Amino acid sequence: MLELAANLLLSNQNSDGGWGAVAGRRSNTEATALALLALRSAAADTTITDKAKDWLVKRQLADGSWPLNDSAKGPSWSTALAILALSGLAEERDRVVKAGSWVLEQAGGKPGLLARLIGFLRGQKKVVRLNQDLIGWPWTTDNFSWIEPTSYCLMALKKVQQQLPAEKVKERIAQAELMIYDRMCDDGGWNYGNSEVYGEKLWPYPDTTALALIATQDRRERQENQRSLRLLNDLALKADSGLALSWASICFTLYGKDDAALKKSLGQRFTKTQFLGENKALALAILAVGDGARYFQV
Amino acid sequence: MNRREFLTASAAVSLSPLLNACDTAPRWQRDAFVRPKISKVAILAAADYGKSLRDIIQRGIKQCDLTVHNARVLLKPNLVEFDPNGVINTHPAVIEAAVDAFKTLGAREVIVAEGPGHRRDNEYLLSASGLYDVIKEHRIRYVDLNNDDVRLTKLKSGFTGLKQLYLPETLYNADLLVSMPKLKTHHWAGVTLSLKNMFGIIPGSVYGWPKNALHWAGINGSIVDINSSLPLPRFAIVDGIVGMDGNGPLQGQAKKAGVLVFGADMVAVDATAARLMKIEPRKVKYLETAGEFLGNLEYQQIEQIGEPVERYQQDFRVIEAFADLKTIIG
């Protein structure tokens, strides 16, 4: 499977060196960052990985962030993935630190005073069960914090924290971890970041559960991590998708757990759907089946 | 008046001068919208998700005078999440029948496209919902709108302050967008029908999962601003064979209504669908606003064809916050 997936990923590379969501789509930072990691882990030809790296390097904005792609050119959440893709490369150290500084300055927002007042007057405090004062990272500037961007930013910050102001990094990491634990579903695991609406429990997803666990891998002794880890295998096998199985497998590797069943399903799934040709899923599968989990070690 | 009502009223009074002062700009481009004098809406009986669906859908399209010859048709179902015990999504049999119907009526290409609002995992959602098998069997192109190429689009109305939104390129390459929602109540918006279904075209890669930037900008205003600014003609087919009431759009209960609703005026379609749910459309905030310029909301301005609303009306329960929607004005 590894070779077939790598060949498919290679054939999907755009002429500009990057990858889009699927073949034929414009290159974007997320797919390109993950593809670069995947091809590095698969020891692909350096002319290919150099082109991918160049695509990323050329897109870094003056403030240190990365845009989503060449259409949506403003700073974006995918900056954290670019940091992960470049953080092991000595020649890109300054670039990565600058990006880390940008991540450090970004923060999820809170509902405004007027919205809170109206919410209070309408009794909306009970609509969702989460602590709005705990701040992680948003998908879009100044918006609310959610699990996936917070997890990526935590991984990125933990990678580069030695080069950033220690107190501030420590504070952001601590609060983001609290936010993640606050958003956990009742029986463990995470969805996009909301465990309850109108008293009804929401259910966890395998991909976001794996991401939250990867981001908090250095807190593995916590009961929230252990409880969620026990769920993850079943969640991923039930979802049976390239994305879910790959993230879960990477997570299990980092936690030292047996991921044989996940890898077996991943191979079967690739044969059946080729992950719908999604470059992100192809890249993650290559990382999962090979030794790519190390890129997410913090 | 209890304490909460008093406080709400006091806040409204104290804030109203401020809000009114901010409300002087025109809310939509006056010359960009012309409401039809009369909008045709068809309600056709469909007892189940069986084989007769293709013929019913073909009939609904024809009765609404829609021609699709040589058109590239984009079907946008409601595929937001999956619960094996729930009825969250547009049934794949309806989507399959619509693919067949549009092809039979001469469409050049039929594409299925969606940008699920909660899940990033397309492969899972498509497989679990049964849509993957439909796409594979009919060799249909599926576009993940969350990760499509995007184009910055100026909004033609201003109910959010967003001014512009990134929209998927696929919209710009199609001739007709068919909104295919499920007949559902919604715990933030009251009801979710063909207009609310357009939240799914907003790319998650830009706005995130859930598409919270839109909720922060105001869910009602966002629905109107998105629908006022789409770059192509639209049509609606509402899956009301089995809908959802209560705490929709995800955790409500299945509610059988036994109909499909068709029409080119999505405001009129949604108003009719709301009436089928015994919900007053003029009390659904975004419908009321949309009825001012996007389409026809009033019963008298809708030419009702097919089955009468009264024959298939069902009492769809709503959560307490939307109890007022059940007060029919007349």
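Residues are numbered from 1 along each chain as its sequence is written, while chains are lettered from A and ligands numbered from 1 in the order in which they are written. Because this is a predicted model, local features need pLDDT of at least 70 and side-chain atom pairs count only at pLDDT 80 or more, whereas totals for chains, interfaces and linings use all residues.

**View 1. Chain A, with its helices and strands.**
Chain A holds 13 helices and two strands, where helices (H or I, at least four residues) and strands (E, at least two) are DSSP runs numbered from the N terminus. For its 298 residues a compact globule would have a radius of gyration near 19 Å, and chain A agrees with this at 19 Å; the radius is taken over C-alpha atoms, and the globule rule is 2.2 Å times the number of residues to the power 0.38. The C-alpha atoms of the chain fill a box of roughly 60 × 45 × 35 Å along the principal axes. Buried residues make up 52% of chain A; a residue is buried if 20 or more other C-beta atoms, placed from the backbone, lie within 10 Å of its own, exposed if 12 or fewer, and partly exposed in between.

Chain B comes to 12 helices and 12 strands, and its C-alpha atoms fill a box of roughly 60 × 45 × 40 Å along the principal axes. Buried residues make up 56% of its 330 residues. The mean pLDDT of chain B, the predictor's confidence in each residue from 0 to 100, is 92, and 92% of its residues reach 70 or more. Over residues 1-21 of chain B, however, the pLDDT is below 50, and beyond near neighbours in sequence this stretch has seven contacts in the model, a contact being two residues whose C-beta atoms, placed from the backbone, lie within 7 Å. Where pLDDT is low, the predicted coordinates should not be read in detail. The model as a whole scores ipTM 0.95 and pTM 0.93.

**View 2. The contact between chains A and B.**
The contact takes 31 residues from chain A and 31 residues from chain B. On the side of chain A that touches chain B, the elements giving two or more residues are α6 (113-121) and α11 (242-254) of chain A, and α11(A) gives the most, with three residues. The residues of this side divide into 18 nonpolar, seven polar and six charged, where Ala, Val, Leu, Ile, Met, Phe, Trp, Tyr, Cys and Pro count as nonpolar, Asp, Glu, Lys and Arg as charged, and the others, Gly among them, as polar.

**View 3. Helix α13 of chain A and the largest nonpolar core.**
A nonpolar core is a set of buried Ala, Val, Leu, Ile, Met, Phe, Trp, Tyr and Cys residues joined through C-beta atoms within 7 Å. Of the 189 residues in the largest such core, A:Ala285, A:Ile286, B:Ala98 and B:Leu260 touch the most other members, and the largest share of this core, nine residues, comes from helix α13 (residues 279-289) of chain A. Because 11 of the 11 residues of α13(A) are buried, this helix is largely enclosed by the rest of the structure. What covers the buried residues of α13(A) includes α1 (2-11), α2 (29-41), α11 and α12 (260-273) of chain A, together with α4 (122-129) of chain B.

**View 4. Helix α3 of chain B.**
The buried residues of α3(B) include B:Pro92, B:Glu96, B:Ala98 and B:Phe102. The helix is followed by B:Gly106, whose phi is positive, near 105°.

B:Phe199, in the loop between β9 (190-192) and α7 (204-207) of chain B, is buried, with 23 other C-beta atoms within 10 Å. Leaving aside residues up to four places away in sequence, B:Phe199 touches B:Gly117, B:Lys211 and B:Leu214. The peptide bond from B:Trp209 to B:Pro210 is cis, with omega near -5°, and the one from B:Gly248 to B:Pro249 is cis, with omega near 15°.
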